[in-house]
Amino acid sequence: MTALEIATLVFGLFVAAAVGSFVCVVIDRLPLSLDEPNEFGELWDTRPWGEVLGGRSHCDDCGAPVRPVDNVPVLSWLVLRGRCRSCGARIPAFHPVVEALVPALVLLAIWSIGWSWAILPALWLVPVGVAVAAIDLRTMIVPTRIVWPAFGVTVLLAVVAAGAEGEWAWLVTAGVGLATVAGPLFVLWFVMPRGMGFGDVRLSVLLGFTVGFYAGTTPSAGLLLGVITLFVA
C-alpha cells in the first residue's frame with residue numbers, strides 16, 4: 001500500500017469509529033419500553049427519528065450533557081472507567097464494543113471486497129447491521145424504522161455501484177438473493193405467524209439483497225449464496 005492509501009485507510013477507520021459512536025446513540029434512544037404489551041405482544045416499540053436524533057448526547061441518569069472530550073470513541077469510555085463524569089452512573093459496556101466493532105467490520109469488508117464502487121452496500125450494511133443486532137439483543141425486536149429505510153438506501157447504493165462498474169447483472173443476483181433468503185422466511189411466517197416475528201422477514205429482505213449483490217454476475221451463484229446465508233442464519 002502507498003502512503004496515501006494508508007493515510008486514507010486510517011482516516012476512514014476514525015470516521016467509522018465516529019459512526020459507531022452515532023450507532024450507540026441509535027441503540028440507546030430508538031427503543032421505547034412499553035408499560036404493557038402492544039397488539040403483537042411486544043414490550044418494546046420505537047421512537048420517531050426526530051426524537052432519536054434531536055438534542056445533544058447526555059447521561060440517562062443525571063441528564064448532564066456529554067462533553068466533547070468525553071465523546072471520543074472507545075478511549076473516553078476507558079478513561080472514565082465506564083462511568084458518567086458528573087454523577088458516576090455506569091455507561092453501558094455496549095458503547096466501546098460497538099465503537100470498536102464498526103471500524104473492525106469496515107476493515108474486514110474492505111479486505112474482503114476491495115476498494116471499489118462495489119464496497120458501498122457493504123459499508124452501509126455495517127452500521128445498520130450492528131444497530132439492528134444490538135437492539136434485537138436488548139429488546140427482541142427488529143426495528144422497522146431502521147430496516148426499510150436501510151433497504152431503500154442499499155438499493156440506491158447498489159444501483160450506483162453497478163452503474164459505476166458497468167455490472168448491471170449484480171442487481172439481478174441481488175434480486176435472486178433477496179428471493180432466496182426472504183422467500184422461505186415469509187412462507188414460514190405466513191404459515192406459523194406466532195413462531196416467528198415479521199421483523200425477521202423484513203431483515204431477510206435487506207440481508208438477502210445485499211448478499212446476492214456480492215454473488216457475482218451469475219444468478220445461480222446468488223441462489224447458492226442465499227441458501228448458504230439462510231442455512232447459517
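**Helix packing and the nonpolar core**

Guide: In this predicted model, helix H7 passes helix H9 in a right-handed crossing. The axes of H7 (residues 169-191) and H9 (residues 219-232) come within 8 Å and cross at roughly 35 degrees. On the H7 side, the contact is made by Val172, Thr173, Val176, Gly177, Thr180, Val181, Pro184 and Leu185. H9 contributes Pro219, Gly222, Leu223, Gly226, Val227, Thr229 and Leu230. Sorted by class, the residues of this contact are nine nonpolar, six polar and no charged.

A second pair is formed by H1 (residues 3-29) and H4 (residues 94-113), whose axes come within 8 Å and cross at roughly 135 degrees. H1 is therefore oblique to H4, and this crossing is right-handed. The residues of H1 in the contact include Leu9, Leu13, Ala16, Ala17, Gly20 and Ile27, while those of H4 include Phe94, Val98, Val102, Val106 and Ile110. The contact of H1 with H4 has 14 nonpolar, three polar and two charged residues.

Ile27, Val98 and Val102 are also among the residues with the most contacts inside the largest nonpolar core, as are Val132 and Ile146. This core has 40 residues. Leaving aside neighbours within four places in sequence, Val132 is in contact with Val142, Ile146, Val147 and Leu203.

Notes. Residues numbered from 1 in each chain as written. Predicted model: local features only at pLDDT ≥ 70, side-chain atom pairs only at ≥ 80, totals over all residues. Heavy atoms only, no water. Axes fitted to C-alpha atoms, helices over the stretch in contact; angles between N-to-C directions. Helix = DSSP H or I, 4+ residues; strand = E, 2+ residues; numbered from the N terminus. Parallel < 35°, antiparallel > 145°, perpendicular 65-115°, else oblique. Left-handed = near helix turned anticlockwise from the far one by under 90°. Contact = heavy atoms within 4.5 Å. Nonpolar A, V, L, I, M, F, W, Y, C, P; charged D, E, K, R; others polar. Core = buried A, V, L, I, M, F, W, Y, C linked by side-chain atoms within 4.5 Å. Buried < 20%, exposed > 50% of the residue type's maximum accessible area, 1.4 Å probe, protein only.
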